[in-house]
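Reader: Hi! Could you show me how to read surface exposure and ring pairs in a model?
Author: Gladly, let us look at it together.

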Amino acid sequence: TVSFSIADNFVESAHANSLAIGRLVRIIRIIRVVRVVRVTKMLRYGKEFRKIVFSLASSAQTLFWSLLLMLFLLYCFGVLFTQSTSDYRWLYPNKHFDEEDLKNSFG
């Protein structure tokens, strides 16, 4: 916008009487009006965009705690299943387990 204003002032001061310069000035002014109209159209969606951003920011804390709770539950069930498997193998040592298969699958 500033560059168009500078160009507009320069052209008007240099050759105000010339027909070609007058056309150029009109074209520059039309371009400026078109830019203002585009910005005005985008401002119409600004309110909805602010609502979306505010909603995301407000729900960030809830999302964080929900993810933390899910990770904690996943960890607890992992420990539970590992402990149950270990206890089962300890209680039934005579039961045949394919050791090679277990080592390949679970380490």
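Author: Start with phenylalanine 81, which counts as exposed because its relative accessibility is 53%; the classes are buried under 20% relative accessible area, exposed over 50% and partly exposed in between, with a 1.4 Å probe and protein chains only. This is a predicted model, where local features need pLDDT of at least 70, side-chain atom pairs count only at pLDDT 80 or more, and totals for chains, interfaces and linings use all residues. Residues are numbered from 1 along each chain as its sequence is written, and side-chain values use heavy atoms, leaving out hydrogens and water.

Reader: Where do phenylalanine 77 and phenylalanine 81 lie?
Author: Both are in helix H3, 4 residues apart, about one turn of the helix; helices are DSSP runs (H or I, at least four residues), numbered from the N terminus. Phenylalanine 77 is partly exposed, at 46% relative accessible area.

Reader: How many aromatic pairs does a search of the whole structure find?
Author: It finds 3. Rings of Phe, Tyr and Trp (its six-membered ring) pair if their centres lie within 6.5 Å; planes under 30 degrees apart are stacked, over 60 edge-to-face, and the rest tilted. The planes of phenylalanine 77 and phenylalanine 81 meet at 40 degrees, with ring centres 6.1 Å apart, so this pair is tilted.

Reader: What about leucine 80?
Author: Leucine 80 also belongs to helix H3, which spans residues 46-91. With a relative accessible area of 45%, leucine 80 is partly exposed.

Conventions: Helices (H or I, at least four residues) and strands (E, at least two) are DSSP runs, numbered from the N terminus.
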